[in-house]
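These are my notebook entries on a structure that I looked up part by part.

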Amino acid sequence: MRFLHADPQKVVLIGILAALIVGLTFASPHFLSVTNFTNVLLKVAVIVIIASAANLLMVTGNFDLSVGSVLAFSGILHAYMSKHGVAIELSILITLIVAMGWGGLNALTVSVIGINPVIATVGTLFIARGFALLIARWDGGANIMLGLPRDFVDFGRDPVFGLIPLAIVVMVAAVGTFIFIEKKTALGRKAYAIGANLKSAKLSGINTVGIVSLLYVLVALFAGLSGVLQTSRVGLAAPTVGKGLEFDVIVAIILGGTSMLGGVGSTFGMLLGALVVGFTANGMVLLGIPFYFQTIAYGGILIGTLLLSRKFDAKAAA
Amino acid sequence: MKKLLTTAVVAAGLTATAAMADDVLVLGKIPYTLEHSYHQSIVEMFADHADKYYGAKTIVVDGQANSDTTLSAVENLIAQGVDGIALHSPDIGMTAAAVAKAHAAGIPITTTLIYPETKNAPHIAPQEALSSHREGVVAAEKWIAANPDKPIEIAILDFGGFEQVVHLRTGPFVAGVKSIAPDAKVVAQQNGFGNTVKSMEIMLDILQANPGVNIIFGGNDDMALGALAAAEQLGRGKMDNGVPLTEIIAGVDGGENAMIKIFDPNSSFKLTQGQVRDNARAEVDTLVAMARGELAIDAWMEIPTLSQEIDYWNTTLAGAQRFLQENFKFEGNLAELLAN
Amino acid sequence: MGPKSNPMSLVKNQNFVLLLIFVALNVYFATTTQSYFQLGNYFNMLTQNAALLLTAAAATLLMKTGNFDLSTTANLAFSGVLYALLASWGLPLTLAAVITLCAGICFGAINGLLVTRYDISPFIATLGMMCIGGGAALLICGGQSVRTGLPDNFSSLMQTDIFGLPTPIVISFVGITVFWVAANYSLIGKYAMAIGSNKNAAALAGINVDRVVMGLFVLVAIMASLAGIMTASRIGSGDPRVAEFFFMDVIVAIMLGGTPLTGGRGTVIGTVIAAMIVIVIGNGLNMLGILVFWQTVIKGVILIMAVTINEKFTFSRLSEKMSAPGFSQ
Amino acid sequence: MNGQDENIIEIRGIEKSFPGVKALKGVSFGVKRGTVHCIVGENGAGKSTFIKILTGAQPATRGEIKLGGKPFSPHHVSDAIHQGISCLYQELNIVDELTVEENISLGQEKHKFLFPQKADNLEKAGAILADFDSTVSLGDRVGSLSVAQKQIVEITRALVAECSVLVMDEPTAALSLGETTKIMQVIERLREAGMTIIFISHKLSEIFEIGDTVTVLRDGEMVGTQSLEGMSQPDLVRMMLGKVVAEEYIPSTGARDQAVLEARGVSTRKLKDVNFDLMKGEILGFYGLLGAGKTEVAEVLFGHEYRGEIKRDGRVLRFRTERDALRAGFALVPEERREEGIFGLLSVMRNIPLMNLKTVMRRGLVSGKAERDLADKYIDLLQIATSGRNHPVALLSGGNQQKVVIAKCLNRDADIILMDEPTRGVDIGAKQEIHNIIRDLANKGKSVIVFSSELQEITGLCDRMVLMYDGMVRETLRNGDELSTDYILEVVAGKEA
């Protein structure tokens, strides 16, 4: 099987996913239903939307730890503006532009100045989180809910075509877009080249600074979009949301087979990684497993998946 | 660097706490975490009361929901030589260490909510357990009255086994429900992380696994609101003019976000409880009394404050309005907001 | 071997720049607040962060090999709970500490095994262990901090003095010295540097790379475990939720101190000064009475600016920039 | 292969399998004590694999090795070192962050409780080092040294470790002529001192200069082991390739009368008043010793700052980045292909279009078909030996990697192509193929500048050659019959013309 040779990690993920779905179908009568699958997709939507862009960023050998803060900031900014009379559409537009500004800050520090992405994006993480909390405080509280116009929530909750929740539509669009970028565009090709060998990429005339910067801005844009979607759906904007989201995003990406050093990886793999995490979490709540065991299982899934794929790798090689 | 910091501080529009005059009392307040509205309000009430009644200044150092950071905050305040410390500790064990440190420095200290085991300092004790029990009773009664044929199934969102929440909130609530409906069952209990978004996600899963859930208790209002959002997404979360249809949701804190839902006759979030002002005042009064030598600083004393139970059926709108004004400096008009 | 002392090289030294930032911050806080510039406050800061300094100093050696450990938070929490638990069962504190350290080593051993034997990236391996260890910490105490039945001297480790210096400060000072010596004068430091700089060359020179990396993971685990014991002693109980962002503080300190994630460079002293910068900012801003949210913002700004100054405007970096990429030799 | 006593190493039926590939298919020969035993073969013949097995870096799949009559199966590099086999690998295996002294002792330190003791062989190390290059001292940080100096440190390290067998895998690849001569002298001395040397090189002249015996490998198989005495260079090449290769200068066919590039008074920190012209359809060679300024000229042509002027078709060039240079019609085959040329993780197919993605774009999107066609075209054109276009470039042999780099560059369709050491570490067969490609380019009207430290390459390939010394152009010669190698060597060695 050429496919197996190509990427054992994806095979392992598909295997685990299948095992989870079959196992949970037997274990819980409530598992196999459209509603439940919708729930799982909604749960992973934010992770997948951000990870679509962040995956390609990681393919270039960079990453962004500030996504959770940018998400929180964007949610609260959108709520703040909507509450204070800005039209929903305009508010979303402004929020997305400001979100891209955070991406621009990351691009400036990491890509242009050349600071290590961990420190630079942790810096942004602090700053954006601080301002998210401050915006809520300027509004007079710890979060924003009262006084939000009705269409604020409608935006997030009204299903598209009366069928599919908007977050899922956006998620599918994001995944589709990035699979397309990865496979069919110069941007994708160049991103892989940058991750595979930065020096070669420069000497081949690839605008490495520009492309990495663009991806940072895109990641922040998607984080901002997720923030808008999330607050709209929940109907409450809290500056504390999205803590640890950066880990969820990176875990999905790495589970999907993307290397932190760059050069390899795929959007599809990331989707599989996110779904494995999503279904595991869903299954454990369905089965009523206490919280402590959930975190242990989460760690187990992470390590286990990689151990398994290493094993497959060795087998495929032998 | 100095310039940078100066600009940052000036930009913040904040003035550094200037040298303190000796005759002015300075009180330190350590909230659990400023990221929640309840704690923001209590800090504000504390500072107001200290200033208004005693001309005292307040220094706030955030505990950031972490026992290590909170203990450092205590040490920081001791180093600043405050005249009293009001501590909301996140952990029972750490509380003892904090009290010992303050006492060693001869500084009065009060604790609140987290019940200390070393009983050697005044403790401001909001009577949450009573109100939680009462919430349980009201919820059970209302559900049985409207749906006598549907046995009660309870789902709980907590902070991941945080024990104080078990003693003050989730435990008494369940006991309250069971006092009315002995066969009521807790079918799900999960960590909602005190967070609306996480609570919504988890409640979706819980309701998927347990469609029969009809009483939901959130360990705070943020989690209750998350549960409500989840229920609404599933087409639940409704009441018919105060008559339970799908479920009853209860929370804790009593902020305006919760209140607007509670007094919406068609929403299923119907109960909460809270107190801010009395707690803050009790803390200030006790500290000042100790600082003035009117109270021994190392004598155990429990100062109960009422945590007011609020629900759609038994609290008047005017009462809720007053509650918000007194405790959360609410400036809006609940009735007007509801009309929109 | 060892740092060369040439006065002209001072400006080229990243640590010197960090030190300047540190001094500037101290001067600023000393002049703007009343209670900052006092011995007691410095003792406070050092005692509060003794565990952090110790772990960060040890983890610098690990990071020099190009590996890092996110599970220190979980190890700290787990060890603290276990230590308190054992003490509450009446075990002598020393024995409890020894058993705890042995349990703490497991984190390092598993991390090391996953990274070296199974070739799993340190990020995933140690993140996995962070989740597992965090869950285990909550599990063994049932989510409740362990504080009943503790002996009276439970906190003595953190509350006694040695020659007028608080014990935790002495411990961290001794630990930092040991790791500084190990990094600069022993083969461990040299091998760590070699592995991070050119893993292949290190292996071909006959260094058992796996064993060194494994050993350093264990070393960090021991320090994180000790940090757990120290924290438990400090707060007087075993709290499973303690020090949530410990790993972040450790890694930020190391990286701000000039050790990159990929390893090959870095100094223990750099890490310690960087950690002190972060600590001083937190303490000073509290003294200034700055709202915690603004503190978060300022912390982020200072982090970015400090590392920019550190990485980009020291002369050594500039000279490296002159020999631009594209052409070797 | 006489008696057992004479052979310090006895190799019997060594095989090595990698997933999908059999790298060694039963290699057997003996190495006589106190000789220089050469191993030759094209890239991919299995030389490197053999060395890795001999030095404990990899285990053999089958077969046995005897060292001094005893079975020898090292599990680890240090096993081999302790038993007296030291090795200099092809890739630089040196730690930039450490000092020369620390590198020399790395992994072999005498220590007490992990604290290194003062090495007793420091003087020896210092002496060996000084013999090679007096400008390098034991206290220098290796990162500040040049590639050649790093190589010298590595050789010193191997010599300091008290070995009875020294394996050298292309030790002179990155060295200048003078340094190579020095190493040859050292090898000679070592042999006289009774050391056994296993010597691998692509430079056949070196083999004949220094070697006693030669073992030829081809495609993982033994072709034979013979004494070098009485053997001729064509004989050896025939053994290696199965055909005779003789490379002679063939002038480019173009008119070569139109200057596409004029450099006037180009100066940098290193270069002093450099002048040269490049004609359309010409191959221009830059030759000089290490540090003469070849690399700096390449840098100036690809985006570095300079004083003076460089005119392209009459317009003065000022590049700020590599991309400006590419846009102006330059392309570069860099010297360090692993670090600067290839994208190792990516497949051959993905590598080739990266300098000019337009060639695989159709209507603004990457076309899979165009990409495959392009890859097939170049695999065919340059005879790239790969199991398929989806094969990662990192897994190809050095020569084929270089061909991928050249393919990438050709696909750019630049008018001026800079080639920095285009055949370093490339075997003879591939080298000739690459030279033919370069000639072909010139004949098609492109201009090529070759920077090389190999005189044969310059004289065999270039239409004109610029000889450099100490940052200056000493002389520009036209290639032809009257060319004297000795004269060229004198010029680049600094003798006044």
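**Entry 1: chains A and B**

I began with the area that chain A and chain B bury between them, which is about 3000 Å², with 54% of it on carbon and sulfur atoms. Buried area is the accessible area (1.4 Å probe) that two parts lose on being put together, summed over both. I noted that the size of an interface is often given in this way, as the accessible area lost when the parts come together.

Before going further I recorded that this is a predicted model, in which local features need pLDDT of at least 70 and side-chain atom pairs count only at pLDDT 80 or more, while totals for chains, interfaces and linings use all residues. Residues are numbered from 1 along each chain as its sequence is written, chains are lettered from A and ligands numbered from 1 in the order in which they are written, and side-chain values use heavy atoms, with hydrogens and water left out.

I then looked up the contact itself (heavy atoms within 4.5 Å). Chain A gives 32 residues to it and chain B gives 34 residues.

How many salt bridges are there between chain A and chain B? I found 2 salt bridges, a salt bridge being a side-chain nitrogen of Lys or Arg within 4 Å of a carboxyl oxygen of Asp or Glu. Over all chains the count comes to 41 salt bridges. In one salt bridge the side chains of A:Lys43 and B:Asp205 meet at 2.4 Å, N to O. This pair joins two chains, because A:Lys43 lies in helix H3 of chain A and B:Asp205 in helix H7 (residues 196-209) of chain B. Side chains of opposite charge can pair when their charged atoms come close.

I also counted 13 residue pairs in polar contact between chain A and chain B, both residues at pLDDT 80 or more. A polar contact is a pair of N or O atoms within 3.5 Å; within protein, one must be able to donate a hydrogen and the other to accept it, and residues adjacent in sequence count only if both atoms are side-chain atoms. Several helices of chain A each supply at least two residues of the side that touches chain B, including helix H3 (34-59) and helix H14 (291-317). Helices (H or I, at least four residues) and strands (E, at least two) are DSSP runs, numbered from the N terminus. By class, this side of chain A has 15 nonpolar, 12 polar and 5 charged residues. Ala, Val, Leu, Ile, Met, Phe, Trp, Tyr, Cys and Pro count as nonpolar, Asp, Glu, Lys and Arg as charged, and the others, Gly among them, as polar.

**Entry 2: chains C and A**

I turned to the interface of chain C and chain A, where 41 residues of chain C are in contact with 42 residues of chain A. The buried area here is about 3800 Å², and carbon and sulfur atoms give 87% of it. C:Ile124, C:Phe293 and C:Ile304 supply 15% of the area that chain C buries against chain A, more than any other three residues. The side of chain C that touches chain A divides into 30 nonpolar, 8 polar and 3 charged residues.

**Entry 3: a sheet in chain B**

In what order do the 6 strands of the open sheet in chain B lie? I read the order as S2-S1-S3-S4-S5-S13, with parallel pairing. Two strands pair if DSSP finds at least two bridges between them. Strand S2 (57-60) and strand S13 (301-305) of chain B are the edge strands, each pairing on one side only. The twist averages 20° from one strand to the next. Angles run from 0 to 180 degrees between N-to-C directions, and axes are lines fitted to C-alpha atoms, for helices over the stretch in contact.

Strand S1 (residues 26-30) and strand S3 (residues 84-87) of chain B run parallel and are joined by 4 bridges. I located B:Leu27 opposite B:Gly84 in S3(B). Helix H4 (residues 92-104) of chain B packs on the sheet, touching S3 and strand S4 (109-112), and its direction makes about 165° with that of S4(B).

**Entry 4: strands in chain D**

Last, I looked up strand S13 (residues 259-267) and strand S14 (residues 274-279) of chain D, which pair in the antiparallel sense over 5 bridges. The bridge partner of D:Ala259 in S14(D) is D:Met279. The hairpin of S13(D) and S14(D) has 6 residues between the strands, and D:Asp273 takes a positive phi near 50° there.
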